[in-house]
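Colleague: I would like a close look at one part of this model. Please keep it brisk and connected.

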Amino acid sequence: MLNALWIVLLGMAIIFAVLGILLLVMVLLSKLIRPRKKEEKRRIDSWS
Amino acid sequence: MTTGEFLGFLNLNWQAVAMLVIGGVLMWLGIAKKVEPVLLVPIGFGCVLSNIPLGGAAEAGGFLAVLREAGIHTEIFPLLIFIAIGAMIDFEPFLQRPYTILLGAAAQFGIFGTFFLAYLLGDGWLHVLDFSLKDAASIGIIGSADGPTSIYVATILQSKYTAAIVVAAYSYMAMVPIIQPPIIKAMCSKKERALKMPSVAGTISQRTKILFPIITVLVVGLLAPKATPLIGCLMFGNLLRECGVVERLSLAAQNELANIVTILLGITVGGMMSGTEFLRPETILVFVLGVVAFSLDTVAGVLLGKLMYILSGRKVNPMIGACGISAFPMSSRVVQKLGLEANPYNHLLMHAAGANVAGQIASVVAGGVMLMLVPIFS
């Protein structure tokens with residue numbers, strides 16, 4: 001039973017760690033790569 | 001040669017009759033009730049084919065057995081389906097709200113909670129059911145709310161209940177609109193459900209959309225390598241969609257590939273439902289634990305949603321946590337409907353879709369993590 005408990009605890013910890021790192025990388029990416037002006041304009045045009 | 005050796009009905013036993021009825025019910029659900037017809041019709045038909053005595057479709061050398069060997073045992077079918085899913089999914093709602101990945105992570109507790117429960121009922125403590133550690137892990141993966149991941153993990157772990165697990169995973173996805181609303185309503189007050197979230201999110205550049213699948217494969221693959229085939233196929237399909245230079249391949253993945261593999265996968269899974277293997281008390285428990293898995297997913301997702309609601313100063317509607325379950329797009333629709341019920345001007349669909357596609361990534365990671373940990377602790 002203890003081994004199953006370890007799987008639960010480690011499993012959730014690893015999932016949060018992996019996805020947390022992915023989140024940080026994606027946030028960093030969004031800071032580094034800004035949308036080009038024409039992409040921003042296309043989006044604003046689509047609202048109007 | 002006696003007549004009993006070539007007349008199928010003389011060889012019918014109660015298990016075969018029961019499975020023919022179950023196959024009929026699955027087809028009825030798909031055709032008459034429109035419950036996941038794309039899957040339940042082939043599965044139901046495969047179930048009927050494999051239980052016709054002397055038919056030999058699912059026996060060694062039969063075409064269903066050949067498909068099982070070629071597509072399920074090699075894990076090819078679920079991986080090909082993932083290419084198609086990747087090509088169909090627009091990750092923009094998630095990229096606009098990357099924090100939703102944490103809701104996806106939390107909702108995977110359904111997998112691990114159900115795994116623990118199944119193991120306690122089986123070899124772990126009570127010994128009332130024939131559930132080994134690997135069977136329990138395969139049953140828990142129903143909580144990924146993702147058919148291909150369930151097949152992939154259950155096949156690699158060589159569970160005895162693969163057919164039941166796959167049928168449960170697919171049929172419960174259609175039952176998300178029944179399973180989730182009572183749990184969400186019990187956990188979120190009307191005031192919380194009525195909370196509006198800003199409808200306009202930031203622009204995501206095309207370069208980000210192209211880099212996203214590549215970066216995801218690298219991050220997930222390097223940290224949880226067992227998830228590489230699943231996340232690799234999912235992200236390959238998405239790269240085809242987003243790179244903008246292989247539209248023909250993207251459309252082929254979304255249509256021809258998805259349709260052909262769904263037909264083959266469905267009928268093969270149905271062919272795995274032979275009476276002697278399927279009809280045992282454990283199968284019923286697999287279905288019960290499937291509901292538990294979906295419910296725990298929802299509870300865990302909403303709990304983190306509530307935490308975000310508090311920490312954000314009441315800017316995040318806690319209901320979107322329920323979409324961390326990867327049943328895309330059913331779960332998003334459920335939350336959108338509940339939001340509109342509480343407040344007619346509350347459109348949560350894009351926020352919910354963000355959490356929902358994040359749940360797709362999280363469920364694949366959870367599958368890989370399960371495959372990594374179970375052999376270590378077996």
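How many residues does the contact take from chain B, and how many from chain A? Please go on from there into chain B itself.

Modeller: A caution to begin with: this is a predicted model. The contact takes 46 residues from chain B and 30 residues from chain A. Between them, chain B and chain A bury about 3,300 Å². Carbon and sulfur atoms give 83% of that area. On the side of chain B, the residues that lose the most area to chain A are B:Thr203, B:Arg207 and B:Phe377. Together they make up 19% of what that side buries.

Now the polar side of the interface. Polar contact between chain B and chain A comes to one residue pair, with both residues at pLDDT 80 or more. Several helices of chain B each supply at least two residues of the side that touches chain A. They are helix 5 (92-96), helix 6 (100-107), helix 7 (109-121), helix 13 (206-223) and helix 19 (349-377). By class, that side of chain B has 35 nonpolar, nine polar and two charged residues.

B:Lys209 pairs with B:Glu92, and their closest N and O atoms are 2.7 Å apart. B:Lys209 sits in helix 13 of chain B and B:Glu92 in helix 5 of chain B. The pair links distant parts of the chain, 117 residues apart. B:Lys209 and B:Glu92 are both buried.

Over all chains, the structure holds seven salt bridges. Another one joins B:Asp135 to B:Lys160, with the closest N and O atoms 2.6 Å apart. B:Asp135 lies in helix 8 (residues 133-140) of chain B, while B:Lys160 lies in the loop between helix 9 (147-156) and helix 10 of chain B, so this pair ties together parts that are 25 residues apart in sequence. B:Asp135 is buried, at a relative accessible area of 1%, whereas B:Lys160 counts as partly exposed at 36%. B:Asp130 joins in as well: B:Asp130, B:Asp135 and B:Lys160 are linked in a network of salt bridges.

A further salt bridge stays inside one helix. B:Lys337 and B:Glu341 have their closest N and O atoms 3.8 Å apart. Both lie in helix 18 (residues 330-342) of chain B, four residues apart, about one turn of the helix. B:Lys337 is exposed, with a relative accessible area of 54%. B:Glu341 counts as partly exposed, at 44%.

Next, the rings. A pair of aromatic rings is described by the distance of the centres and the angle of the planes. The rule counts seven aromatic pairs over all chains. In one of them, the rings of B:Tyr172 and B:Phe287 have centres 6.3 Å apart and planes at 75°, so the pair is edge-to-face. B:Tyr172 belongs to helix 10 (residues 162-174) of chain B and B:Phe287 to helix 17 (residues 281-311) of chain B, so the pair ties together parts that are 115 residues apart in sequence. B:Tyr172 is buried, with a relative accessible area of 7%. B:Phe287 counts as partly exposed, at 22%. Ring pairs also link these two with B:Phe278 and B:Phe294 into a cluster.

Key. Residues are numbered from 1 along each chain as its sequence is written. Chains are lettered from A and ligands numbered from 1 in the order in which they are written. This is a predicted model: local features need pLDDT of at least 70, side-chain atom pairs count only at pLDDT 80 or more; totals for chains, interfaces and linings use all residues. Side-chain values use heavy atoms; hydrogens and water are left out. Contact means heavy atoms within 4.5 Å. Buried area is the accessible area (1.4 Å probe) that two parts lose on being put together, summed over both. A polar contact is a pair of N or O atoms within 3.5 Å; within protein, one must be able to donate a hydrogen and the other to accept it, and residues adjacent in sequence count only if both atoms are side-chain atoms. Ala, Val, Leu, Ile, Met, Phe, Trp, Tyr, Cys and Pro count as nonpolar, Asp, Glu, Lys and Arg as charged, and the others, Gly among them, as polar. Rings of Phe, Tyr and Trp (its six-membered ring) pair if their centres lie within 6.5 Å; planes under 30 degrees apart count as stacked, over 60 as edge-to-face and the rest as tilted. Buried means under 20% relative accessible area, exposed over 50%, partly exposed in between (1.4 Å probe, protein chains only). A salt bridge is a side-chain nitrogen of Lys or Arg within 4 Å of a carboxyl oxygen of Asp or Glu.
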